[in-house]
Amino acid sequence: MNPEKLLPWHAMAARVIPRHKALKAFGTMIFIAVFFGAYFYLLKNPASTPHVMPLIWLDKLVPFQPHAFTIYVSLWFYVSLPPILLSTRHELYQYGTAIALTCLTGLVVFYFWPTAVPSPDINWSLYPGMEFLKNVDASGNACPSLHVATALFSGMWLHHLLRRIGSPIWLLGINAVWCAGIIYATLATRQHVAIDVAAGVLLGGLAAILSLRIARRTIYPAILPFPLQSH
């Protein structure tokens, strides 16, 4: 029997997390920087007049909640978690390719079909954090919501990787609640409307399903054992 199978989940995590630290740290930072460069370029230079997304019944059910700002911006920490639990360079490259194609798909849609969210009747000066967010991330690049797509993509991969190291059910639950909270926050902060969120769920969910299917077939099974050697 492989003795690694007998290790508790936190010991397995402690083995995986330090592997390829530089690639994980700098790779994530470079990826986010490149993404934001392209995102803000399209935001400020739309190819045509952005189409304002319509509101539906679901938008009316979710009230504006300025305190959701914190969970909304936590995405940028959340998306860094799946790479931390990857073991080999091959895994990291495959994951990076998958998330890059997901984001690129959204950016291509933004270029050919610029969209924006309707302006809500809210005095943003009463909410400094939200006012800063609105000034930095304007109402464009709305559909599909890449905030939602990357949150769901990361959440599904993180669920898979946590299961792979034998994580307890409570940790899987925290991941699910966190992911759902980020998605909910996109509506509660009025950064997106429900149609944007639905399109983001579709994009991120399909990308995660396809990439995980390829990963399970070409690299490792869904549950232990998994490769710990460096290559």
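This is a predicted model: local features need pLDDT of at least 70, side-chain atom pairs count only at pLDDT 80 or more; totals for chains, interfaces and linings use all residues.

1. Helices (H or I, at least four residues) and strands (E, at least two) are DSSP runs, numbered from the N terminus. On that basis the protein contains eleven helices and two strands, and along the sequence they follow the pattern α-α-β-α-α-α-α-α-β-α-α-α-α.

2. Residues are numbered from 1 along each chain as its sequence is written, and side-chain values use heavy atoms, with hydrogens and water left out.

3. As to overall dimensions, the C-alpha atoms of the protein fill a box of roughly 65 × 35 × 30 Å, taken along the principal axes. The radius of gyration is taken over C-alpha atoms, and the globule rule is 2.2 Å times the number of residues to the power 0.38. For 231 residues a compact globule would have a radius near 17 Å, and the 19 Å of the protein agrees with this. Of the 231 residues, 45% count as buried; here buried means under 20% relative accessible area, exposed means over 50%, and partly exposed lies in between (1.4 Å probe, protein chains only).

4. A salt bridge is defined as a side-chain nitrogen of Lys or Arg within 4 Å of a carboxyl oxygen of Asp or Glu. By this rule there is one salt bridge. Glu91 and Arg164 form a salt bridge, with their closest N and O atoms 2.9 Å apart. Because Glu91 belongs to helix H7 (residues 89-112) and Arg164 to helix H9 (residues 146-164), the pair ties together parts that are 73 residues apart in sequence. Glu91 is buried at a relative accessible area of 1%, and Arg164 is buried as well, at 0%. In general, side chains of opposite charge can pair when their charged atoms come close.

5. What lines the largest pocket? On a 1 Å grid over the protein atoms alone, a pocket is an open set of points where a 1.4 Å probe fits, with protein on both sides within 12 Å along at least five of seven lines; lining residues have an atom within 4 Å of a point. The lining comprises 40 residues, and Phe31, Ile32, Phe35, Trp76 and Val79 lie nearest the centre of the pocket. Helix H2 (21-44) gives the most to the lining, with ten residues. Among the other helices that each supply at least two residues are H7, H9 and helix H8 (128-136).

6. The volume of the largest pocket is about 730 Å³, where grid points are joined across faces, edges and corners and a volume is the space filled by probe spheres set on the points. Its lining divides into 26 nonpolar, twelve polar and two charged residues. In this division Ala, Val, Leu, Ile, Met, Phe, Trp, Tyr, Cys and Pro count as nonpolar, Asp, Glu, Lys and Arg as charged, and the others, Gly among them, as polar.

7. Rings of Phe, Tyr and Trp (its six-membered ring) pair if their centres lie within 6.5 Å; planes under 30 degrees apart count as stacked, over 60 as edge-to-face and the rest as tilted. The structure holds 15 aromatic pairs. Phe36 and Phe40 form a stacked pair, at 5.5 Å centre to centre with 15° between the planes. These two residues are four apart in helix H2, so about one helical turn separates them. Phe36 is partly exposed at 23%, as is Phe40 at 22%. Tyr111 and Phe112 form an edge-to-face pair, at 5.0 Å and 90°; Tyr111 is partly exposed at 43%, whereas Phe112 is exposed at 65%. Ring pairs also link Phe35, Phe36, Tyr39, Phe40, Trp76 and Phe110 into a cluster.

8. Some backbone details deserve attention. Most residues other than glycine have a negative phi, and most peptide bonds are trans. His20, not a glycine, has a positive phi of about 55°; His20 lies in the loop between helix H1 (9-16) and H2 and is buried at 13%. Arg190 also has a positive phi, near 65°, and is found in the loop between helix H10 (169-188) and helix H11 (194-218). A cis peptide bond, with omega about 0°, joins Cys143 and Pro144, and Pro144 is placed in the loop between H8 and H9.
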